[in-house]
Amino acid sequence: VIYKEGGKRMATVVSSYCTKVIGEEKVFRETIAVYRNALSFLIKVVLAEWDNGIGEVYHKSKLRTNRAVEVLVHTTKNSFAQYPEFDMLFRKYPSYLRRATIAEALGAVSSYRFAHDAWEETGKKDKEPKLQFSRSSLPTFYKDNMYAEKPDGTVLLKLYHCNDWVWVPVTLRKQDTDYIHEHWAGHNASAPKLVKRNHRYALCFSFEEKVLLESKPVSEQTILAIDLGVNTDAACSVMRSDGTVVERKFIDFPTEKDRMYTQLHRAKRGQRENGHKGGNRYMRKAVRINEDHAKKIGTAIAQYAISKYVDVIVMEHLDFSGRKSKEQRLHMWRKRDIQKIVEHQAHRAGIRISHVNPWGTSRLAFDGSGWVERDERNASLCTFPTGKKYNCDLNASYNIGARYFIRELLKPVSVTERSLLEAKIPSVKRRTMSTFSTLISLNAVLKPEL
């Protein structure tokens, strides 16, 4: 979350880290079963009471709604529950866990009602939305009430065991706890949530930190323009506002791409031989390889930006909508994940993120000569109208960086001055036609004013 505080641009960055649970696979089963049954019960209660005032209060104050639902299902000294079955079915249910379960039930019903109202407004053309009562949710262990740390490195969790809620010691993986103590000791940690990955349970912690983002004038900024291509994973150009390209770098992991394409070919062959589900196993492998590939690329980009002390990382604003083939979906998923990883790590280092219009960045020559032609023998090269051969991804990165600086340089310019600039430099008028040469021409015109 980016906001301004005292005239400075700040970012609230939330990071998560999961610690594996050692040798405790069966101890969570009863707790998870009770939690999911309680969630199913509360979803039914919230759905039944939604039109009786719960829905109206929910849109005004979620905290008041949570309290209102708790009064409906939990009997206290001052009130009697309208649905006493909850206390009878889920005896000694922890108070913090009950409120968390109510909050999740409210979110589920709110999403369902919103989708159902939208379905009715569209004339009931599509399939009617359904509310799923049985959900594969996992509980959150709130501190002091359900979670406590011990000096020896183990933790105590309040779990449902032998028809009662008792404190159970759980051992976490040592390298995970050491990492948290070393890197996140001074940050606020949220209550750990139970997650399951690769058939193993883990406790996932979230850490929140506030970071001051760079706010230099555009004339003093150094940016990293990134083109996430197909030929190479990322083409990076370190640029300045006057058009100086300080450094260039290609980030590529060819081994991971070869492994992914191998699994895709096996999936296609399995579908041809065994039908629609024949290649599912290989497709799942390809997705996991693709996710790991995105983490490596995103980390490499962020580390390169930090090492060059850039102020802004500029990327394309990609459109992930529409029907695409499996290969296209994998490429788009990877690019989306890369952008998320880069944004997270960059904000932690105080580097801003900016996006530009991607239209024509690869098809327009950075020297302003016109449209490029792809080389049929080598897809990574393109030919300019002048006959010059150049790398496609590097050409795109120049144009991406130039569009950022053109936008920032024109922000303080008045409408009258901009019309004069458009007369002198026609490509400034349409941002989708702006290239690296447009930035050079713009600097030449604005040079007396800078």
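This is a predicted model: local features need pLDDT of at least 70, side-chain atom pairs count only at pLDDT 80 or more; totals for chains, interfaces and linings use all residues.
Residues are numbered from 1 along each chain as its sequence is written. Local features need pLDDT of at least 70, side-chain atom pairs count only at pLDDT 80 or more, totals for chains, interfaces and linings use all residues, and side-chain values use heavy atoms, without hydrogens and water.

The structure holds 20 salt bridges (a side-chain nitrogen of Lys or Arg within 4 Å of a carboxyl oxygen of Asp or Glu). One of them pairs K60 with E56, with the closest N and O atoms 3.7 Å apart. Both residues lie in helix 2 (residues 54–60), 4 residues apart, about one turn of the helix; helices (H or I, at least four residues) and strands (E, at least two) are DSSP runs, numbered from the N terminus. K60 is exposed at 63% relative accessible area, and E56 is exposed at 54% (buried is under 20%, exposed over 50%, partly exposed in between; 1.4 Å probe, protein chains only). In helix 6 (residues 174–183), D178 and K174 are likewise 4 residues apart, and their closest N and O atoms are 2.7 Å apart. D178 is partly exposed at 35%, whereas K174 is exposed at 58%. Salt bridges with shared partners join R67, E70, R98 and R99 into one network.

A148 lies in strand 3 (residues 147–149) and is partly exposed, at 26% relative accessibility. Beyond its neighbours within four places in sequence, A148 is in contact (heavy atoms within 4.5 Å) with V155, L156 and W167.
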